[in-house]
Amino acid sequence: METATAPTQAPPPGPPTGTPRGKARPGDRIFLGLSKGSGITLLVIMAAIAAFLGYRAVLAISKDEANFLTTFEWNPAGDPPVFGIAVLAFGTVVSSIIAMVLAVPVAIGIALFISHFAPRRLAGPIAYVVDLLAAVPSIIYGLWGAVFLVPYLDGLNKWLDEYLGWTYIFERTSEGVARNLFTVGILLAIMILPIITNVTREVFLQSPKMHEEAALALGATRWEVIRMAVLPFGRSGIISASMLGLGRALGETMAVAVVLSPSFVLSGHLLDPGGGTFAQNIAAKFNEADEFGRDALIASGLVLFVITLLVNGAARAIIARRKEYSGANA
Amino acid sequence: MSHTVQDKRPVAAPSRGTLAHARMPRWAPAAIAVGSVATGCLIGVVAGLESRIQWGLLSALTFVAATYFITAKVEGSRQGKNRVATSLVWVCFALAIVPLLSLAWITLTKGLTVLDGYFLTHSMSGLLDAEEGGGVYHALLGTIEQVAIAAVIATPIGLLTAVYLVEYGRGRLARAVTFFVDVMTGIPSIVAGLFVLATWNLMLGFGPSGFAGSLALAILMMPVIVRSTEEMLKLVPNELREASLALGVPQWRTILKVVLPTSIGGITTGVMLAVARITGETAPVLLLVFGTKLINPNPFEGAQSSLPLYVYEQYSVGTAASVDRAWAGALVLIAFVMILNLVARGIARWKAPQTGR
């Protein structure tokens, strides 16, 4: 970022003639004001999101008769109102972890495939196909997940229960369709695949050509080149890409809302239907909620907002530390 | 382990009178593949495994193992690892393609059962959920209006912010804007929806409307536009800026007449991709636009519908006819988004900036 913009800040080329610089013309001042104002607008929006969600959340939580963080129930319309995010937090984290475990290795594989393995002629179209995967609206993933993936995963769930049931997490205590956190995790993995792939691919493509060629010249195989020149260079890129994917998975709403059959039971059995996520709960409960119920949902949304903010902020901070990560003028 | 390159074997090779290792013939991977599929099926038949997926998994495992051991025997373990890595990477690629193909195929086949001219030109007015017929016109209209308004709000702010960051940006403000734009890209769409709900609807007391949805969509759209425009502006060669400035052209005219026209193709692409992205957003629309069965052409008053919301509603109803409609709506939505994508990329290719390299 810094390196890319530095040249524009340099004084106009040519020998210094002693003309006074920095004489702002009105047009310049207006234009600078407009563009600076837009930038500030964005900051204000971010601040406003935090402030208003926070305000509404405080309204709701102050009337909550139970502990907001540890309650396994969502009943803001009740008397007394009782609601808590424990189940939602658990479901959100678990489904995102499943998604990450599945998606990150595959995404790195695809990124390597595009950057180093695919035939040159195929690499472009393949990258395009991955972009298409990113362009599919989440509701359609949800529909596909509910109609195609859920019945399809039934067999896999049985198999996991039979052979890995002793691990507790893969034990099924209730029969039923696979509308569980595990299916949600798989679906989320597919949905976050493109963003992780795209960011890691960019990083891999930037790995220093000289290092790769040096390794090849020493007789390294392609895999050794990748292990010694590409992956170490791209490590921080992989981490931040994964966190960006995690941010997506945490906040995904519709796909989860369509696939999961929610319940306010916290269960470590991933294959049992039930559980919920922050976003899914908001979408599912919104229509029946009165104004106080909406405030309660906003409170849970605030928690989601803070979590994604932290995850994304960390990811971007890692990327920003890499100065090489910039445009063509660098 | 990590420095296998320093292995002495390649150096020792000339003593054997040749510089080359023993190599497997070109058809070897294919042969191993055929062999392992046969093995996988054989085990499947013998063990009586029902699921074809298990056969496939067994074949894949056999393939990886066989590739490693055969190559390791013939060409050395380093080559063996290389081949295993290659096949794993190919597997990853296949894993990404399978869901995309399946999704496209199902959406097409299921969507085409109801999709016709009638479906595109009629609303759900007066129709019971279990009834057949009905259409998507009200949702299509709503989507187009909401997305257009969102684009009108978000594009100028996004463009100007990008100009600020690239052309003027320095110091703490620019760094803060860059950072928060990046963070904003990751805001869950439902949070943007909740924000507009908390301000526009709960605090200012407006009812659900297409415009409220547009506000949330605009929030989601801005950072995307900033990012893509920023990338495009950075691609504009500095020589162009310097030439213009050296001629005494004010900076703002340089930006308007030199920098932006040079990168206009990429910027348009970015905006269209952002539009494509928000077209598919359901969550904020669900909270703010509310959905209706009727045609409401006024985005500023009363509930509207939108394509993703329509798909969600029809699926949630759960009758055979409504699920069919959901698929048809999904097909319309995906076609809409894909056309935007294709056109955007077409523009990107057509108007690719000349970077002089």
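User: How is the crossing of H10(B) and H11(B) handed, left or right?
Analyst: The crossing of H10(B) and H11(B) is right-handed. This is a predicted model.

User: At what angle do the axes cross?
Analyst: At roughly 145 degrees, with the axes coming within 10 Å. Helix H10 of chain B covers residues 238-246, and helix H11 of chain B covers residues 251-262.

User: Which residues make the contact?
Analyst: From H10(B), the residues are B:Leu240, B:Arg241, B:Ser244 and B:Leu245. H11(B) supplies B:Gln251, B:Thr254, B:Val258, B:Val259 and B:Thr262. By class, the contact has four nonpolar, four polar and one charged.

User: Now chain A. How do H3(A) and H6(A) cross?
Analyst: H3(A) passes H6(A) in a right-handed crossing. The axes of H3 (residues 86-117) and H6 (residues 181-205) of chain A come within 5 Å and cross at roughly 40 degrees. Their contact has 24 nonpolar, eight polar and one charged residues.

User: Back to chain B. Why is helix H14 of chain B called largely enclosed?
Analyst: Because nine of its 11 residues, in the stretch 307-317, are buried, H14(B) is largely enclosed by the rest of the structure.

User: Which residues of H14(B) are buried?
Analyst: They are B:Leu307, B:Pro308, B:Leu309, B:Tyr310, B:Val311, B:Tyr312, B:Glu313, B:Gln314 and B:Tyr315.

User: What covers them?
Analyst: The cover includes parts of both chains: helices H5 (138-164) and H9 (254-259) of chain A, together with H6, H13 (283-288) and H15 (320-350) of chain B.

User: What comes just after H14(B)?
Analyst: B:Gly318, which takes a positive phi of about 85 degrees.

User: How many residues of the two chains are in contact?
Analyst: 84 residues of chain A are in contact with 91 residues of chain B. On the chain A side, helix H2 (residues 26-63) gives the most, with 18 residues. That side of chain A has 52 nonpolar, 23 polar and nine charged residues.

User: What are the scores for the model?
Analyst: The model scores ipTM 0.83 and pTM 0.85. Chain B averages a pLDDT of 85, and 91% of its residues score at least 70.

Key. Residues are numbered from 1 along each chain as its sequence is written. Chains are lettered from A and ligands numbered from 1 in the order in which they are written. This is a predicted model: local features need pLDDT of at least 70, side-chain atom pairs count only at pLDDT 80 or more; totals for chains, interfaces and linings use all residues. Two residues are in contact if their C-beta atoms, placed from the backbone, lie within 7 Å. Helices (H or I, at least four residues) and strands (E, at least two) are DSSP runs, numbered from the N terminus. Ala, Val, Leu, Ile, Met, Phe, Trp, Tyr, Cys and Pro count as nonpolar, Asp, Glu, Lys and Arg as charged, and the others, Gly among them, as polar. pLDDT is the predictor's confidence in each residue, from 0 to 100. A residue is buried if 20 or more other C-beta atoms lie within 10 Å of its own, exposed if 12 or fewer, and partly exposed in between; C-beta atoms are placed from the backbone. Axes are lines fitted to C-alpha atoms, for helices over the stretch in contact, and angles run from 0 to 180 degrees between N-to-C directions. A crossing is left-handed if the near helix is turned anticlockwise from the far one by less than a right angle, and right-handed if clockwise.
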